Amino acid sequence: MDYTVTAVVVCAGRSHRMGGVDKLFENVGGVPVLARTLLFCCKSECINDIVAVTRRESIEKVKELAKRYGISKPVKVIEGGDCRAKSALLGAKSAAGEYIAILDGARPLTDPAQADKVCRAAFEYGAAALGVPMTDTVKRLEDGMIVGTIDRSRLMRIQTPQAFEKKRYIELAQTAARDGRETTDDCSIYEMYGLPIKAVEGSVSNIKITTPEDISLCSALCAPRETRIGHGYDVHRLEGGRDLWLCGVKIEHDAGLAGHSDADVALHALIDAMLGAAGLGDIGKMFPDTDDSFKGISSVLLLERAAARVYERFDFGNCDITIIAQKPKLLPYIEKMRENVARALETDKSRVNIKATTEEGLGFTGRKEGVAAHAVCLLYRR
Ligand code: MG
């Protein structure tokens, strides 16, 4: 069962390590840090509304930001306290939700799906926090000298969101404040009183902006990658006495395609589209028909080799292939074709679309003299 969740966005810090610049209003990929944080709250399935806790002088600025970026969920902006724990508690008290997800205003790249995972873990355990396992070896120091190694398998770097059942959180935070116990993050109070907090594994790209270097890092992560498009077209003649191969599937038919290789016209169009997108010329240049090693070769192998060259510099996006043949009916073979292409390209079948059409009896395909294929392919620069 799902409960209502208020995101408590803590943005009352003084950006001490930013050289006097308020990090919350700095641009990351053209959008202010805090606007990105509010926007991911809008994309979350679990978060219903937002309480932004900020300094008094920033209240109007935060309201204006939420308006300018069309934040679609209700946003309340309140004044924070003189430390993070007080700001979080003030936010919790003015939250409408049964649960709260406390998050740093300066974590603009949080994945909404991961935030939802944390909320759902809190529904189950009462409290949950996002974090990433330690990948670096951690050493213990004494007077600047390494004196030991800490077992990192039991360590985690904690991020936000951290989600809690609201009533319990408020009780604990008030008790901790009365007891004069200081905390550095929100789940520490659960630790102090021995209550469970579920750890949810997040992503290292969920960066908290602390220094100007973090702004550069986040901007680089947000930058769109260069997108490349390519088109391929091929035709082969139909001849009796040959096998008909299309996208690596042997098709039942009374004629096959003539050519130096297995004449798989659809894969040839796809190879040309991929090479075109990558700026690597064409299939004839990569696999010349004067080379006897390609005689009768399966075009699936040619596709794998072309893909290996392309993948040196690009990631695969998707492809769409259209096969034009009057006969035979290709529909029963399409799924197998998609599987073959996806396997050869080491990609998911959902990124491979294949369709077949006729030309209504017109032209050389209509007269069943040959089969044609078009393909388009999208690549992303690594
Ligand atoms: Mg060809």
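Alanine 263 sits in the loop between strand S15 (256–257) and H8, where helices (H or I, at least four residues) and strands (E, at least two) are DSSP runs numbered from the N terminus. The model is a predicted one, so local features need pLDDT of at least 70 and side-chain atom pairs count only at pLDDT 80 or more, while totals for chains, interfaces and linings use all residues. Residues are numbered from 1 along each chain as its sequence is written, and side-chain values use heavy atoms, with hydrogens and water left out.

Although it is not a glycine, alanine 263 has a positive phi of about 60°. With a relative accessible area of 0%, alanine 263 is buried; the cut-offs are under 20% relative accessible area for buried, over 50% for exposed, and partly exposed in between (1.4 Å probe, protein chains only). Glutamate 360 is another non-glycine with a positive phi, here about 55°. Its loop runs between strand S17 (352–357) and helix H12 (363–366), and at 69% relative accessibility glutamate 360 counts as exposed.

The backbone also has cis peptide bonds to report. One joins threonine 160 and proline 161, with omega about 10°, and proline 161 belongs to strand S10 (residues 156–165). Another goes from lysine 327 to proline 328, with omega near -10°; proline 328 is in the loop between strand S16 (314–324) and helix H11 (334–344).

Next, the metal. Asp234 (OD), His236 (NE2) and His268 (ND1) coordinate the magnesium ion at 2.0 to 2.3 Å. Donors here are N, O and S atoms within 2.8 Å of the metal (3.2 Å for Na, K and Ca), and water is not among the atoms, so sites may look incomplete. Along the chain, the donors of the magnesium ion follow the spacing D-x1-H-x31-H. Histidine 236 lies in strand S12 (residues 227–239) and histidine 268 in helix H8 (residues 265–278), so this pair ties together parts that are 32 residues apart in sequence. Histidine 236 counts as buried at 13% relative accessibility, and histidine 268 is buried too, with a relative accessible area of 7%.

Leaving aside residues up to four places away in sequence, leucine 270 touches Leu303, Cys319, Ile321, Val341, Leu345 and Ala375, contact being heavy atoms within 4.5 Å.

Helix H3 (residues 84–93) has Ser87, Ala88, Leu89, Gly91 and Ala92 buried. Their cover includes strand S1 (5–11), strand S4 (47–54), strand S5 (75–79), S6 and helix H5 (166–178).

As for aromatics, a search of the whole structure finds six pairs. Rings of Phe, Tyr and Trp (its six-membered ring) pair if their centres lie within 6.5 Å; planes under 30 degrees apart count as stacked, over 60 as edge-to-face and the rest as tilted. Tyrosine 99 and phenylalanine 123 have ring centres 4.9 Å apart and planes at 75°, so the pair is edge-to-face. Tyrosine 99 is in strand S6 (residues 99–104) and phenylalanine 123 in helix H4 (residues 112–125), so parts 24 residues apart in sequence are tied together. Both rings belong to a cluster in which ring pairs link Tyr3, Tyr99 and Phe123. Tyrosine 99 is buried at 8% relative accessibility, as is phenylalanine 123 at 13%. Phenylalanine 164 and tyrosine 169 make a tilted pair, 4.9 Å centre to centre with 35° between the planes.

Charges sit over rings as well (NZ of Lys or CZ of Arg within 6 Å of the ring centre and within 35 degrees of the ring normal). Lysine 61 has its charged end over the ring of phenylalanine 25, 4.2 Å from the centre, and arginine 181 lies over the face of tyrosine 193 at 5.4 Å from the ring centre.
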